[in-house]
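Subject: The model, and what turned up in it

Hi,

Here is the structure I promised to pass on. Could you open it alongside this email and follow along?

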Amino acid sequence: MPGPEVARKQHTLGGAAGIALIAFALLYRFFPGILHMQPPEPVAAGQQGPYAGTPPTWSAVRPATTSVPTLPNEGEVGTSYVDAVRMGPPIATSKEVTALLKRARSAEEKGALFESKDAIALYRQVLVAAPHNVEAETALERIAGAVHDWALAAIDRGDEAAVQRYLAVYAELPHADDQMAELRARAKTLHDVLPMLAKAATLVKSGHLRGSGDDNALAVYRAVMKLDPGNRLADAGLATIERGSLDRALAQAAQDDFAGADATLGEASAIRPGSPALLETRARVEGIRRQRAETVLAQARSALDSGNADLAEQLAKKAQGISADLAGIDEFNLRLRNARLYASFAPGQVIRDRFLDVVGSAPPVVVVPTGTFVMGSPADEAGHQDSEEPQRRVRISNGYAIGQTEVSVGQFREFVAATKYVSDAEKAGSGSVYEEVSGRISDRRGMDWRNDYRGERAKDNLPVINVSWNDAQAYVGWLSARTGKAYRLPTEAEFEYALRAGSTARFTWGDGDPDRVVGNFTGEGDRSPSKRSWTSAFPRYSDGYWGPAPVRSFPPDRFGLFDMEGNVSEWVDDCWHDNYTRAPRDSSAWINPGCERHVVRGGSWGSDPDQVRSAFRLAARSDTRSARVGFRIARGL
């Protein structure tokens, strides 16, 4: 007998060999699937496979591996390692079964599945000899899954014979009843639609793609899709019809017939709604449309630049008709509208209308650009008055021109000489002057438009003062008759718009005190002939004048206008209202027939800082004469 040490070693080695054998048997018994791959669709002798021209490939059995297989993770479907140990070793496999399995695997690898000596028959023989052989059961389930997929592929391509063949095979293989029922239902639908598909193909060949009734390919394909919504052959037929419409839409777009292209795309969208081909063609048509519209808009710009507004308008309308949301069309339409509004003039241009019947001309006016602005002042603005609210946005949509300067004494003198006009000051027998002794404005007999602010004879280049609203209206009426143009007083909105000249601040130059000489109003450094100074004035400011300065004495504003913010306050056309409630939103004058008070705008040589604000306004009777008030003219375009 062997010694104790030898016996112990033999016992240990025997136990290890037994455990290894059991582990290998368990692996082979319960995890044979890891040694195989899924088969492709087989090809019967003398027939083409499901994908003609593509020979099937097959690898039935994986090469043997010596690596230890990875145990299934928790939650995986299949037999766990613990279950395998609990179930015990597999049933022994006979030599006959082993040989059958080898032949079945070889046949499966070659793609021979359906004949009497092919893989399916061999696996069935295995199960007859060994009813619960896992490898054979797994192989038949695997082949059943492949046959199921091949049947679906045959349905998609309309191969009814192949479908019936696969159905017969699938029925004999392991399968779920619901999957079998689904395949049979689809096979029946295929049988029903195949004659319809053949008819549709014939109609396509004969050119009967669409039309009224049911005797056209489109109607037949739609009927097929109604019976079988996912039918690929019908969808391909619809795509052929759709392609014709899409090509026609592109041809129409290339010929600038975008209305026709849109109509054709509308028809195409009913064939295969939302198809990629439809979306792509829509994008291409839109690209052609936009490019063409941009070309026409560029032509419109050239026409407008050359002064041909009529042609520019025609081209702009054409461009907008091609592409309604064309970038730049709104900007161009505004330019065109401004050109129409300004007639043959341009913003900033100075107009001097000649008299029709005598030598002479009207005072120069400047064309003001159209636009929008916020009229009035906010409640928190220093110096704000209730009459300046509520603020409102006003659109200056009608082109106009406004006097470059106030009307001068010399210009008003020409009017009086031509018409023998008698002013309100002359009728009343008095006007206002500045009294140096008292430092106040007071009424003095014999004063009128011929006098300056001190009562002396006025020079012709001074702004005319001591003129009423009535006098100003008489003057612009005379200008209209002499020139044939529509002269008038500016409206209050037109005056503030021109005064601000794009500014939104408290003053025309900003919110603070002026840091340079900009106009004639009260300054800390101003002195009267007797060395008087202002009690309320801008600090560290002096314009060099006590009283009105000659017109054009100070720099013009951004619109090319002089003395809008100072020198003399000015009459406008509007009647006085205590605030802007219910005021017009456009630039028209707010007039109540028979009103006795009118609006005076702009600062004067004697205005304190709050009265130089852009929003400041005063009320005065129509016959008021003042040494601090004059006027300027306006002209329609």
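This is a predicted model: local features need pLDDT of at least 70, side-chain atom pairs count only at pLDDT 80 or more; totals for chains, interfaces and linings use all residues.

Residues are numbered from 1 along each chain as its sequence is written, and side-chain values use heavy atoms, leaving out hydrogens and water.

Helix and strand names come from DSSP runs (H or I of at least four residues for helices, E of at least two for strands), numbered from the N terminus.

Helix pairs

Start with H6 (residues 160-171) and H7 (residues 177-205), which pack at about 160 degrees with their axes 11 Å apart. Axes here are lines fitted to C-alpha atoms, for helices over the stretch in contact, and angles run from 0 to 180 degrees between N-to-C directions. The two helices are therefore roughly antiparallel (under 35 degrees counts as roughly parallel, over 145 as roughly antiparallel, 65 to 115 as roughly perpendicular, and the rest as oblique). H6 passes H7 in a left-handed crossing, the term for a near helix turned anticlockwise from the far one by less than a right angle; clockwise would be right-handed.

From H6, the residues in contact (heavy atoms within 4.5 Å) include Val163, Leu167 and Tyr170, and on H7 they include Leu183, Ala187 and Leu190. The residues of this contact divide into nine nonpolar, three polar and two charged. In that scheme Ala, Val, Leu, Ile, Met, Phe, Trp, Tyr, Cys and Pro are nonpolar, Asp, Glu, Lys and Arg are charged, and the others, Gly among them, are polar.

H7 also holds both lysine 188 and aspartate 192, four residues apart, about one turn of the helix. Their side chains form a salt bridge at 3.2 Å, N to O. The count of such bridges comes to 36, each being a side-chain nitrogen of Lys or Arg within 4 Å of a carboxyl oxygen of Asp or Glu.

The other pair is H9 (residues 232-254) with H10 (residues 258-269), at about 165 degrees and with axes 8 Å apart. That makes H9 roughly antiparallel to H10, and their crossing is left-handed. This contact divides into seven nonpolar, four polar and three charged residues.

Sheets

An open sheet of five strands runs S1-S2-S5-S13-S8, with antiparallel pairing. S1 (350-351) and S8 (487-488) are at the edges with a single partner strand each, so one side of each has no neighbour in the sheet. S1 and S2 (residues 365-368) pair over two bridges, and strands count as paired if DSSP finds at least two bridges between them. Helix H17 (residues 492-500) packs on this sheet, touching S2, S5 (400-403) and S8, and its direction makes about 75 degrees with that of S5.

An open sheet of four strands has the order S11-S10-S9-S12 and mixed pairing. Within it, S9 (residues 569-575) and S10 (residues 597-601) pair in the antiparallel sense over three bridges.

Most residues other than glycine have a negative phi, and most peptide bonds are trans. Lysine 420, not a glycine, has a positive phi of about 60 degrees, and sits in the loop between H14 (409-419) and H15 (424-428). The peptide bond from glutamate 389 to proline 390 is cis, with omega near -5 degrees. Proline 390 is in the loop between S3 (371-375) and S4 (392-396).

Cheers
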